[in-house]
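Notebook open, model loaded. I want to look up how the chains are built and where two of them touch.

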Amino acid sequence: MVWLSPVLAALLSVIGVTLLFAALGRDPVEALATLFVTPLASIDGLTELGLKATPLLLCAIGIAIGVRADVWNIGAEGQFTLGAIVGSAVALGWGGGGHWWVILATLFAGIAGGMAWAAVPALLRTRFNAHEILTTLMLSYVAIQLLGYLVHGPWKDPEGYSFPQTRQFAPDAMLPLLLEGTRLHIGALFALAAVPLGSVLLGRTLVGFRIRTVGAAPAAARYAGFSRNATVWVCLLLSGGLAGLAGICEIAGGNGQLTPLISPGYGFAAIIVAFLGRLNPVGILFASLLMALLYLGGEGLQVSMQMPIAVTGTVQGMLLFFLLAADVLINYRVRLLPARRAGVVTDG
Amino acid sequence: MADVQLPVAIVVATLRAATPLTLAGFGELVTERAGVLNLGVEGMMLVGAAFGFMATVASGSLLIGFLAAMIAGAALALVFGVLTLSLMANQVATGLALTIFGIGFSALVGVKFVGMPLGGLATALWPHLAAAPPLLQQFMLLDPVVWLALLLPFAVHRFIYRTRAGLVLRAVGESHDVAHALGYSVLRIRYLAVLFGGAMSGLAGAYLSLAYTPMWTENMVAGRGWIALALVVFSTWKPAWLALGALLFGLVTIAQFQAEALGVAIPPNLLAMLPYLATVGVLVLISRDATRLKLNAPAALGRPFHATA
Amino acid sequence: MDAPAPPPRLALAGITKSYAAVVANRDVSLAIGPGEIHALLGENGAGKSTLVKIIYGVVQPDTGAIAWEGKSVAISGPNAARALGIGMVFQHFSLFESLTVAENIALGLGARESIGELTARIEEVARRYGLAVTPSRHVHHLSVGERQRVEIVRCLLQSPRLLIMDEPTSVLTPQEAAGLFDVLRKLAREGCSILYISHKLEEIRALCERATVLRGGRVVGECDPRRASEQEMAEMMIGGALPVAHRPAPLHEGRICLIVDRLSLPADEPFGTSLAEISLTLRDGEILGIAGVAGNGQKELLAVLAGERLAPDAASVRVADVPAGRLGPAARRRLGLAFIPEERLGRGAVAEFPLSENALLTAYQHGLVRAGMIRFAAVEAYARDIIARFRVVAAGTGASGSSLSGGNMQKFIVGREVGTKPRVLLAAHPTWGVDIGAALAIRQALMDLAASGSGVLLVSEDLAEIFEIADYIAVLSGGRLSPPRRTGETTVEEVGLLMGGRMAPAVPVAALHGAVDAA
């Protein structure tokens, strides 16, 4: 039952996309094939899928754990960016000596960067009561400007022909590839590992129980003695750290240098992934693959059919709409009866 | 003459920069006063900006462009209304969906219009704008939408506090259950408020693409929708404070242009952070007093209404 | 000369209303004459509220007919009801906190007159019936009694010919209730009919001329309450003899398990109550009842005792001789404190969680978690044990909190809290809104716990309950607590006066000890 609405939402989105393409005067069959089938037809496509799913999965698991506690970290994009920045600082500063620990330091710096960026909204929320929705988002804009400032200014590669980009990471600061000849790096394994870890945390530990209680019934959590502030900190640091890890993996496993544009909106798309995956780590694994497919297919459409890349964003938004609608429509039938019965019981 | 010119230019630039924030902010204020939290302002502004621009190019009429933008904003708000009011979906998630969809959809439909030149509202009204003396030029830049944004706070204040419809709006935002028990149609009132919010967001977006910039580029709203949302919290849902907040942010927004004009050597990326940092600062300032926020916030804000008969 | 007898003001015939599988009203018929004060009597869940909502147009009946002054009508909504001349004062007031009295009344009237004109009319009606209200005040400043007066004035401004009062005295002190009865009698003399809903037999005998008794959604009897005995009416209401809870063991002087010493605390919410110089002592094996009308600081006192709010200094709350004022709820539970909160779903239990996880909610300190991991087998066993011991009707430990009836959910919560064998149990309105069977089981559980040597602090609005099971009674009014009196040495009238705010000055805790011990 739980999985009915994401499936329904995906189907409705396919119909929506078909209509959209028809309205744009494109052949819907060809477009759908490019969007959903072509990327899956080759090993290359499949590894690219894994590559794109990696940051989505990492960010979405963090976001989902937060939303379970009613903590809305919608600034994963900013934490992703800070992870990339701080990780790069370590990689650029200490890399090149051939030390084995450089990549580890780079990764931990990335995690720390994401955590630090998420700690600001956590502090503002717990200390000053400022809601994290707006602060995390505003800090994302700040992070993107900060990245722009660094690559245009102090961190600009002097030999980069005045392109806004940093120096290349040394090989010792790069993530090993998972499959030679492809771009898939071991960051994908980190993301995969986050799935069972997230599941166990939420389902089987007291910390997870606290998180779920704070989210489901704040008054019950206060009554039980579960601190709301501690939960806000745990959720934001956790999701910030995961987003930061995603950010540095994207650089250290990819181009090995910072540019003004390091993410096609992974941090925002991960919000959709989290909901599509029912805020459940296993579900999020599948949702991240679907979303990665959308990114790949969108790029394919751009190349082969000269369609704007914004198709991806439109379909993402559509998917979330349909999911919310499908959720409600399905829950309606199930929930209406008990709700009414409860109403009568409390009736005088 | 010259000593008057700079202050006048700053005032005019501030008013123009504040206009989209005022329009979108008052739309959201009315929506939230009805007890509905629509986080999709950014998305509705973008769709308004894109459709306003396209309609103007297609029809050659700015008026039609602004109207189209308001309809587009309201249409997106209607989707939000159906999902959250009729189907009782989570308002926060739906608002986020609205923004994500708005970003993608506006970029998709507007892709052919990127970089297309357009005269803009002031030029359309005053064909000789460029040739006018500098001071007069500044007054010409105060177009009708700026004036509308200046009048809007008074109108909304009067509506909310002095009319019966405004009283009903506040009542619905305070407690939908009580309003329902007294025989008021909670859903109808909330739909109207949400649609008003959407239309105002659409108008605010169109102001950016038709008068302020004027041109269309992807994601050109650049967080102003979120700033408008933050301003509503900052105002503690009071029109006078919202108007003041919008002006303050208009001033912050133009700081980067002023600094550039004055030749202050601050990297543009750092200056561009200012409005976002200021938003965080303002939120922190206002949220510190939790009791005051609670006292002023519409009590039913964000809560789904289910008519339990 | 004789005019024909006037038709009844309101006549219901064969009203049936069902929700999904539950029939709320079945074939209900009743008639109310002009100027009659008619009681609608029944237990929680008997279908009173549904019937009233049908009369007020909030709910449409499935079948049945309504006649107003002899003419058949369909009441499509509250506006239609008001147009006919039906006014209603709700049990939970339908007032907007942030608006003024006049604005609230304007919203209820749907009239187009200005606030200024309305203010004059409000003042006139208020004077005529002796109902003190100030039109320009904001509702959140008003006491519960004042709010009720605002509701009544709002109804009277529409010159109603039928006034529905839903449990109007549940929030009033006995003295305020007497004042209300005077207003209602005056209205009835002027020809207004009154439908008076209550489960308090004493009031109905004092006020009403006729009574219709509902049970399980059906009319099970009619009587003249001035002639029928309370016993008869109660048996009609419950459908059998009144069950009685009994106190298992005699009292013995225990050691002190909870001390509150001159505790003052400002309100933390816009419309909250500040606590002023609260002092009390609770001994092992003792039940201390705290009476008072809700909104006089009960919520605040319970929060600061349970640790959900912290006291200004540690020594002002001592649990089992440990200064606990600065400890949170989890730390106080470790000292042996347990708490049955007022709200069941959303606070005492989580609606979406299965009962097993709801058992874990507060019992997680009792061996259900090891090294941060939840021991699900132990949790299941604990939940099963509660369900069995308290005869909770539920589809197993996997049933969600929201699937239980109010009474069963409350039995589960009581079972969970009692099951941790607390030294001190705080119980907030534990039997509010539950059926008689569950209420009895819950009272029995509290008494058994006291008999086993724990201290119980019972906060309740139900004076009968407090007089039935408490050893001592104190009254909370306006954030102040009266010195406790032995139950046998005080009367409902005395407690009522205290509830109305006639309070002796606060006594320091040392003197209090003496007073309690001497008493």
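**Chain C, secondary structure.** I went through chain C and found 17 helices and 23 strands. This is a predicted model, so I am reading coordinates from a prediction throughout.

**Chain C, overall form.** I looked up the radius of gyration next: chain C has 25 Å, close to the 24 Å that the globule rule gives for 519 residues, so chain C is as compact as a globular protein of that length. Along the principal axes, I get a span of about 85 × 50 × 45 Å for its C-alpha trace.

**Chain C, domains.** How does the domain assignment divide chain C? I note domain 1 as 10–238, domain 2 as 245–336 + 422–519, and domain 3 as 350–421. Domain 2 is given in two pieces, with domain 3 listed as 350–421. I also checked the spacing of domain 1 and domain 3 of chain C, and their centres, taken over C-alpha atoms, are 39 Å apart.

**Chain C, packing.** Of the 519 residues in chain C, 50% count as buried. Then I took the contacts between residues at least 6 apart in sequence, and in chain C 68% of them join residues at least 24 apart.

**Chain B, secondary structure.** On to chain B, where I find 14 helices and zero strands. Reading along the sequence, I wrote the pattern down as α-α-α-α-α-α-α-α-α-α-α-α-α-α.

**Chain B, overall form.** Does 20 Å agree or disagree with a compact globule for chain B? With 309 residues, a compact globule would have a radius of gyration near 19 Å, so the 20 Å of chain B agrees. The box that its C-alpha atoms fill comes to roughly 65 × 45 × 35 Å along the principal axes.

**Chain B, packing.** I get 54% buried for the 309 residues in chain B. For contacts between residues at least 6 apart in sequence, the part joining residues at least 24 apart is 79% in chain B.

**Where chain B touches chain A.** I find 38 residues of chain B in contact with 39 residues of chain A. Which helices of chain B each supply at least two residues of that side? I noted α3 (62–86), α4 (91–109), α11 (224–234) and α13 (268–287). The largest share comes from α4(B), with twelve residues. Sorting the side of chain B that touches chain A by class, I get 29 nonpolar, seven polar and two charged residues.

Notes. Residues are numbered from 1 along each chain as its sequence is written. Chains are lettered from A and ligands numbered from 1 in the order in which they are written. This is a predicted model: local features need pLDDT of at least 70, side-chain atom pairs count only at pLDDT 80 or more; totals for chains, interfaces and linings use all residues. Domain bounds come from an automatic or database domain assignment. Two residues are in contact if their C-beta atoms, placed from the backbone, lie within 7 Å. Helices (H or I, at least four residues) and strands (E, at least two) are DSSP runs, numbered from the N terminus. Ala, Val, Leu, Ile, Met, Phe, Trp, Tyr, Cys and Pro count as nonpolar, Asp, Glu, Lys and Arg as charged, and the others, Gly among them, as polar. The radius of gyration is taken over C-alpha atoms; the globule rule is 2.2 Å times the number of residues to the power 0.38. A residue is buried if 20 or more other C-beta atoms lie within 10 Å of its own, exposed if 12 or fewer, and partly exposed in between; C-beta atoms are placed from the backbone.
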